[in-house]
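Hi everyone, thanks for coming. Please have a look at the model on the screen, and I'll walk you through a few parts of it.

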Amino acid sequence: MATAGGRSVVDLGSRGLLRLLSFCVLLEEVPPLLGAEGPWTRGSLPRGLCRGNSVERKIYIPLNKTAPCVRLLNATHQIGCQSSISGDTGVIHVVEKEEDLQWVLTDGPNPPYVVLLEGTLFTRDLMEKLKGRTSRIAGLAVSLAKPSPAKGFSPSVQCPNDGFGKSPKGSWKLPVTQCSWLFQSHVLGGGWGGGLAVPTVCLPSSPSGVYSNCSEIQWNSLGNGLAYEDFSFPIFLLEDENETKVIKQCYRDHNLGQNGSAPAFPLCAMQLFSHMHAVISTVTCMRRSSIQSTFSINPEIVCDPLSDYNVWSVLKPLNTSGTLEPDDRVVIAATRLDSRSFFWNVAPGAESAVASFVTQLAAAEALQKAPDVTSLPHNVMFVFFQGETFDYIGSSRMVYDMEKGKFPVPLENIDSFVELGQVALRNSLELWMHTDPMSQKNESVRSQVEALLTTLERSGTGVPAVVLQRLNQSQPLPPSSLQRFLRARNISGVVLADHSTVFRNLYYQSIYDTAENINVSYPEWQSPEEDLNFVTDTAKALADVATVLGRALYQLAGGLNFRDTIRADPQTVTRLLYGFLVRANNSWFQSILRQDLRAYLGDGPLQHYIAVSSPTNTTYVVQYALANLTGKVMDLTREQCQDPSKVPSENKDLYEYVWVQGPLDSNKTDRLPRCVRSTARLARALSPAFELRQWSSTEYSTWTESRWKDIRARIFLIASKELELITLTVGFGVLVFSLIVTYGINAKAGVLFIAPREPGSVSY
């Protein structure tokens, strides 16, 4: 309709429709508001009438099964990878042999490139070449090598955690050769920001030239240190073989030139998003986060400390609200829970972590069944440390809490310490007993260690499949949690491992440390439920080790009469191995967890990276497995189990109570929930450096993980620069023409859109 003055008014219904259409277009093209970690992504926004084929889905193919390399920081430097804030885009080039790299580094006419690298070529030498030509490299996508590299692959360093264990004063914290390439690649190459000082991990505190624990043995001899490098371009792992095939097909269709000529446009390209917020070091990022938290209403935290929880339990319940008497002695059985690899949250850790903590769980179950377990003179504490990969986070925190009186067991009450290292790859039947030569300079400790070794040897006599071997008394300890306890106090301790010197694990802290690495496999014709209960040879071998450990702990606790009755169950071991390494979402794991924790169980194996959100999946499952294997089913209702203070006979200071889903009933339809009472508990595994706000500490771990907004990868076709310029010019011309036409129509609206007059009353 028209006003009395003759100017047109847009119909409200038409205006609303235009707004709806505009909103639909924006909604389809808007990026995630908070990225992968936020609650509002494109897929979760309500669309209603806006559903349809988006332009983005027609252009891009998202890669959904990828794992990024992210940025980690410690007191002195940063490691890992990142993209630019808007993501890095490059033409895809497949490198299947080292000669193919020449096209990327020099010959290719359309840089920058995203290199699709075969897993077997992911080596230090090749990565150094890529780092030297970053102007031509937009990113790297690594495909999994199948089978695993025969020569081994370990992105960790050759002497893990060196400088944070029991090390003599005046020592190098990293091997001289390692410091050499760290210095060249980071300081001279600008990886630490140019004029920054050499990291303290490379500085000698004395001219002795001896570095702790590596003076004789490079424990991880295959370690190339890639996971501790800093890369200025994004690196992603392609976990799905089908997605890798799609990328290669796109490359063959569009990026291969004819007869050696340059390929014609359009070209297949990849875009990688992994921009990190934290830079330089933990000191810098924690200071920035602290300032934000102090002065900002909505602080933007840029990094978080690596943290989780240790899992622990005792053979005989103790009051967690008090402390032990000085005469109460405790034997500690310890192992680690975590591992890592080059890529974020891809940490299968079969040999480096899983085999050892599964063995300890089986030993705890076997020992708990001993008839006289409640009357033993000494107590036994089982500890599963988190964060040991990153400079002993879990063990250093427990030692700190023990020293400060924040843990029920004081450091002075520890009688002996038995730790399980890597135990799944034994050569023949041998299991090696590693001890610390420094602490044995004390005659009292030496005699206690001798008694400990004798007890272990005696425990192994009834298990012919395990042969315990002693080592040269002057040989240093391998990387182990025991080192953190020895750093605080001289105690008798031993580390049991399948290696006498260098690791037998060819894939230490890598993506290839999987079930196959420890020879866990199943007949192809079996169902998942049959696989769960299929006792593998590895399960039998680890059950034998668990039996030896259980019998040794029984004797160390003062047991005499029932040593030979203690035997670990291979069925328990095989179920644990299957759940942690093959399929977490299985009937047994479901039965031992709370109902609200079912989401922690995926269809694949669990990953054992410590992360920053805790407790992690592994921590929860280990805690509940320990509770179910060593605890007791109580006749309590759900309400009583969740609040045992209502039951006079129960004591929450002595026990933990959990209401679990329970096994399936006879009809296999419903579960039989039950209350489990145990001593399995959690203890914080956060480095004391963050509690003390000593972010530059050289005494405690200072590892943090950078935050990010968006991590994703996608492929698409890109046009030539000339076509893009033409498109831009034409588009700009259309825009200008549209503005002129719109202005003209608006100026003449009164003439063009005059409505006929309504008939009115006429007076004569």
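I'll go through salt bridges, one serine, a sheet, a helix pair and some backbone details.

First, a word on how to read this. It is a predicted model, so local features need pLDDT of at least 70 and side-chain atom pairs count only at pLDDT 80 or more, while totals for chains, interfaces and linings use all residues. Residues are numbered from 1 along each chain as its sequence is written, and side-chain values use heavy atoms, with hydrogens and water left out.

Let's start with salt bridges. A salt bridge here is a side-chain nitrogen of Lys or Arg within 4 Å of a carboxyl oxygen of Asp or Glu. How many does a search of the whole structure find? The search gives 26 salt bridges.

One of them joins Arg714 and Glu56, with the closest N and O atoms 3.2 Å apart. This pair links distant parts of the chain: Arg714 sits in strand β23 (residues 708-718) and Glu56 in helix α2 (residues 55-59), 658 residues apart. A note on those names: helices (H or I, at least four residues) and strands (E, at least two) are DSSP runs, numbered from the N terminus. Are Arg714 and Glu56 buried or exposed? Both Arg714 and Glu56 are buried. Buried means under 20% relative accessible area, exposed means over 50%, and partly exposed is in between, using a 1.4 Å probe and protein chains only.

Now find Glu128 and Arg124, whose side chains meet in a salt bridge at 2.6 Å, N to O. They are four residues apart in helix α4 (residues 124-131), so about one helical turn separates them. Glu128 counts as partly exposed because its relative accessibility is 32%, and Arg124 counts as buried because its value is 15%. There is also a network of salt bridges here, linking Arg124, Glu128, Lys131 and Glu229.

For another pair, go to helix α10 (residues 443-460), where Arg446 and Glu443 are three residues apart, so again they are separated by about one helical turn. The closest N and O atoms of this salt bridge are 3.8 Å apart. Arg446 is partly exposed at 33% relative accessibility, whereas Glu443 is exposed at 53%.

Next, Ser510. Where is Ser510 found? Look in the loop between β17 (492-497) and α12 (528-532). Ser510 is buried, with a relative accessible area of 1%. Its side chain reaches the backbone oxygen of Phe153 at 3.3 Å; the cut-off for such a polar contact is a pair of N or O atoms within 3.5 Å, where within protein one must be able to donate a hydrogen and the other to accept it, and residues adjacent in sequence count only if both atoms are side-chain atoms. Leaving aside residues up to four places away in sequence, Ser510 touches Phe153, Ser154, Pro155, Arg340, Ser341 and Pro348. Contact means heavy atoms within 4.5 Å.

On to a sheet. Strands of a sheet pair through backbone hydrogen bonds, either parallel or antiparallel. In this model, an open sheet of four strands runs in the order β4-β3-β22-β10, with antiparallel pairing. Its edge strands are β4 (78-79) and β10 (303-305), each pairing on one side only. Two strands pair if DSSP finds at least two bridges between them, and two bridges join β3 (residues 72-73) to β4. There, Leu72 stands opposite Ile79 in β4.

Last stop: the backbone. Most residues other than glycine have a negative phi, and most peptide bonds are trans.

Ile280 is partly exposed, with a relative accessible area of 37%. Asp391 also has a positive phi, near 60°, and is buried at 10% relative accessibility. You can find Asp391 in the loop between β13 (379-385) and α9 (393-403).
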